[in-house]
Amino acid sequence: MRSLFGVALAATLGAGMAWAQPQSSGPTLTAVKQRDILVCGTSTGAAGFSTPDSRGEYRGLDSDLCRATAAAVLGDPAKIRWVPLTSTARLPALQSGQVDVLIRTTTWTQVRDTANGLNFTAVSFYDGQGFLLRKSLGLARATDLQGASICVTAGSTNELNLADWARINKVDYRPVVFEQNDEARRSYLAGRCDAYSTDASQLAGLRSSFPSPEEHVILPDIISKEPHAPVVRHGDDQWFDIVRWTFFALLTAEELGITQANVEAQRASPNPEVRRLLGLTGDHGPLMGLDRAWAYNAIKAVGNYGEIFERNLGMGSAVKLPRGLNDLWSRGGLMYAPPVR
């Protein structure tokens with residue numbers, strides 16, 4: 001029995017050791033390294049998530065996740081080609097290989113995950129659909145929008161959710177559908193529709209950009225679940241792991257108190273979790289075909305998840321969203337990263 005146990009143990013250890021070898025580059029990683037550029041699908045403009053600044057540089061939570069991925073893979077957060085995509089164009093662009101990764105306020109749904117040949121990596125933001133309207137209308141609840149015209153973006157879960165909600169609640173409304181979020185925003189401001197319905201976080205971002213934000217109100221009603229996640233194509237597990245674990249590294253950094261400012265000093269930490277994350281021990285980067293400093297490079301480029309949230313969506317931003325569900329699990333939120341070990 002001892003002999004058989006020893007043989008079985010040796011076989012198990014041998015299999016584990018074979019599995020834990022550094023990986024060669026898969027198709028997407030090979031393509032990214034060869035061109036030395038990450039092609040990131042982004043939005044045509046979503047305040048707090050991905051909006052071009054005066055120099056044409058995209059700013060927001062999604063934009064920073066693209067930069068973190070570029071830093072993890074190529075060692076440089078600036079090695080990105082941005083591809084702005086409408087709601088209807090975003091999934092086909094990823095499917096066809098026009099972009100390497102889609103990080104663009106895209107909701108994880110069953111059909112998108114299974115029927116479209118895509119993989120959603122990890123929830124990067126928990127959201128829900130709401131309603132924005134003028135205070136002067138004097139409405140308190142979404143069901144008061146009986147007979148209203150409502151702006152919505154084509155090809156989005158918001159368009160479908162709005163129809164389902166109205167049917168369930170017997171609300172007659174007139175949809176005013178636009179190809180791009182910016183078109184919907186301009187039309188709402190111009191008075192072409194009574195209300196605008198999209199993810200509540202985006203509504204907060206839009207309102208903050210209005211000439212007189214105090215004249216507009218976001219109703220308390222949330223009519224859907226909208227978990228946003230970076231998306232990759234089916235069939236390349238290595239690239240899926242890279243995008244997913246880069247995000248998890250940013251969450252883990254926040255849990256461990258590692259920031260953009262102190263990440264260099266943290267390399268002297270005796271904490272084994274810190275040392276694994278920053279590539280000082282273990283082969284966690286090479287297991288994905290990356291450098292050992294993959295997570296260090298990502299954190300150095302954009303900071304931890306909490307820092308990214310705060311400057312783009314939190315109280316230090318124009319949007320001023322509370323963390324809420326997007327806080328760490330240890331503070332009552334839903335953000336939870338598996339261990340790097």
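Q: Is Glu 254 buried or exposed?
A: Buried means under 20% relative accessible area, exposed over 50% and partly exposed in between, with a 1.4 Å probe and protein chains only. Here Glu 254 has 13% relative accessibility, so it counts as buried.

Q: Where does Glu 254 lie, and what does Glu 254 touch?
A: Glu 254 is in helix α9; helices are DSSP runs (H or I, at least four residues) and strands are E runs of at least two, numbered from the N terminus. A contact means heavy atoms within 4.5 Å. Leaving aside residues up to four places away in sequence, Glu 254 touches Asn 304, Tyr 305, Gly 306, Arg 323, Leu 328 and Arg 331.

Q: How far do I trust this?
A: This is a predicted model, where local features need pLDDT of at least 70, side-chain atom pairs count only at pLDDT 80 or more, and totals for chains, interfaces and linings use all residues. Residues are numbered from 1 along each chain as its sequence is written, and side-chain values use heavy atoms, with hydrogens and water left out. pLDDT is the predictor's confidence in each residue, from 0 to 100; the protein chain has a mean of 92, with 94% of its residues at 70 or more.

Q: Which residues of helix α2 are buried?
A: In α2 (residues 27–35), they are Thr 28, Leu 29 and Val 32. Down the helix axis they fall within an arc of 100°, so they line one face; the arc uses directions from the axis to the C-beta atoms. Pro 27 and Gln 34 are exposed on the other side.
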